[in-house]
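Good morning, everyone. Please bring up the model, and I will walk you through it.

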Amino acid sequence: MQGSRKIKRSTGIRIEAGAAGRHTRALAEQTAAAMEAAASGETPAHKACDAVRKVAELHGCAGKIPTVREYFAAFPRTARESTEKNRSRSFKVFLEFLGTDADRRIDTITPAICREFVRRMLKRVSRNTVRQFRTYVAAVFKRAVEVDDYLSKNPFAGVDMGVEARAIIPERGEDQQKRLPFTLEEIRFMIQSFPAPWCDMVAVSFYLGGLRLSDVCTLRWDAVNWREGYVRLVEVKTRKERCLPILPQMRELLMRRLTQSTGGEEYVFPSMAHYYLGSSKTSISTQFTALLRAHGMIGGIVNAGKQAGRRRMMSAKSFHSIRHTVTTYLRGGMTGTALFSPDAIRDTIGHDSEEVERGYFTGTLTMRMNVLSSLAAAVEDAGPVIDSSSAARAYQQGA
């Protein structure tokens, strides 16, 4: 009924004769009741749909809706290896959080459950890790909404990471464990004084714009084009093809390694490639961190005290800090003056966006001193001093 006018709508359910008709008639009646409740505003539309779906299942008139565990297991695995590893971890954590509820239908997961998941994780691991969990798990529910039509709305849609973090861990701010860049003096020291092959690996990374450890370890000789003077490689992490010029210092390093090799070797750093391509990827980074500590370049661990929840203790500097050094130096973080345009720097280093690159930038007191000194110099060079009384009168007249 709308005012004094009666409106009739069909449920679209055909009622058959005989025993089968009893089921379809019951389904039609329940559907009509749900439609009326939704139309009158007594029940939210999505809840009315859920009620109809449950009745349809009871009468054997609806397809099976998978459980959370089943749907997560069937989610397409089409991304690169590192992404799938992070995705699998996120799925595992979410299913462990649900416990036996993981065997409930996927359309029974509510925003309250998702909010509780985020809040519990914030108490255990870092905010960035929780953000990663949320991203991968929410993508599954997004598919259930947009592709398979099992849900009318993503239950993670209203769960805001910032809001939940401020409610659960306000004392930790952004809750980040930031890596620090090396100084240029430290880069020079490592190239000149670290034992082989680490001295050359640091140089290769630095001379190729902060190349990641994975790409240094797996750098192949056939990637080196001696005639044209460039290295062409496919990044392990991003699978992007990169073409980087060979500096004279880099050419000298490669020639030295080539003459010292036994011949027929596939990789520039064969022992490191063996470790990386085997089962000892993490040990390579650990070796480098141990070298830094042995040479007094890191005095301990960032956040070395007892960590809240399962937060990992992290070294202040690592091999990846070379990438931070390159970004910080080129963007003026050490001197206060950017050497090239942001686009040129991003293209050379291989960052996809300005937002990503900002995460690699660390300012220094020297940089800030230069920036603030320029402010003082601007005032000093602004011209003759204006008479204060006349300035005041001019301001009052303008007001």
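**Starting from one leucine**

Take Leu 219. Setting aside neighbours within four places in sequence, Leu 219 is in contact with Val 204, Val 231, Leu 233, Tyr 267 and Val 268. Where does Leu 219 lie? Leu 219 sits in the loop between α10 and β1. Is Leu 219 buried or exposed? Leu 219 is buried, because its relative accessible area is 2%, and buried means under 20%. Leu 219 and Leu 233 are 14 residues apart in sequence. In space, their C-alpha atoms are 7.5 Å apart.

Before I go on, a caution. This is a predicted model.

**The whole protein**

Now step back. The protein has 399 residues, and 37% of them count as buried. Its secondary structure comes to 18 helices and 5 strands. Next, contacts between residues at least 6 apart in sequence. Of these, 64% join residues at least 24 apart. Then the surface. The protein exposes about 23,400 Å². Carbon and sulfur atoms supply 53% of that area.

**Helix α9**

Remember Val 204, from the contacts of Leu 219. Val 204 is one of the buried residues of α9. The buried residues are Trp 198, Cys 199, Asp 200, Met 201, Val 202, Ala 203, Val 204 and Ser 205. What covers them? The cover includes α8, α10, α11, α12, α13 and α14.

Both ends of α9 deserve a look. On one side is Pro 197, in the loop between α8 and α9. A cis peptide bond joins Ala 196 and Pro 197, with omega about 0°. Just after α9, Gly 209 takes a positive phi of about 75°.

Stay with Asp 200. Arg 257 forms a salt bridge with Asp 200, and the closest N and O atoms are 3.1 Å apart. Arg 257 lies in helix α11 and Asp 200 in helix α9, so this pair ties together parts that are 57 residues apart in sequence. Both Arg 257 and Asp 200 are buried.

How many salt bridges does a search of the whole structure find? The search finds 22. Here are two others.

Arg 331 and Glu 354 meet through their side chains, at 2.7 Å from N to O. Arg 331 lies in the loop between α14 and α15, and Glu 354 in helix α16, so the pair ties together parts that are 23 residues apart in sequence. Glu 354 counts as partly exposed, because its relative accessibility is 23%. This pair belongs to a network of salt bridges. The network links Arg 331, Asp 343, Arg 346, Glu 354, Glu 357 and Arg 358.

Then there is Arg 105 with Asp 107. Their closest N and O atoms are 2.8 Å apart. Arg 105 is buried, with a relative accessible area of 18%. Asp 107 also counts as buried, at 13%.

A reminder first. Most residues other than glycine have a negative phi. Now the positive ones. Asp 149 has a phi near 60°. Asp 149 is in the loop between α6 and α7. Its relative accessible area is 55%, so Asp 149 is exposed. Arg 239 has a phi near 65°, which is also a positive value. Arg 239 is in the loop between β2 and β3.

**Inside and outside**

Let me finish with a few single residues. Ser 90 is in helix α4, residues 81-98. Ser 90 is buried, with a relative accessible area of 0%. Neighbours within four places aside, Ser 90 is in contact with Gln 132, Phe 133, Tyr 136 and Val 137.

Leu 375 is exposed, because its relative accessible area is 53%. Val 371, Leu 372 and Leu 375 make a nonpolar surface patch of about 280 Å².

Last, the cysteines. How many disulfides does the structure hold? The structure holds 0. Cys 114 is buried, at 0% relative accessible area. Cys 243 counts as partly exposed, at 40%.

That is the tour. Thank you.

Technical notes: Residues are numbered from 1 along each chain as its sequence is written. This is a predicted model: local features need pLDDT of at least 70, side-chain atom pairs count only at pLDDT 80 or more; totals for chains, interfaces and linings use all residues. Side-chain values use heavy atoms; hydrogens and water are left out. Buried means under 20% relative accessible area, exposed over 50%, partly exposed in between (1.4 Å probe, protein chains only). Helices (H or I, at least four residues) and strands (E, at least two) are DSSP runs, numbered from the N terminus. Contact means heavy atoms within 4.5 Å. Accessible areas come from the Shrake-Rupley method with a 1.4 Å probe; for residues, only the protein chains shown count as cover. Patches are made of residues with over 30% relative accessible area and no salt bridge: like charges are joined within 9 Å, nonpolar side chains (Val, Leu, Ile, Met, Phe, Trp, Tyr) within 5 Å. A salt bridge is a side-chain nitrogen of Lys or Arg within 4 Å of a carboxyl oxygen of Asp or Glu. A disulfide is a pair of cysteine sulfur atoms within 2.5 Å.
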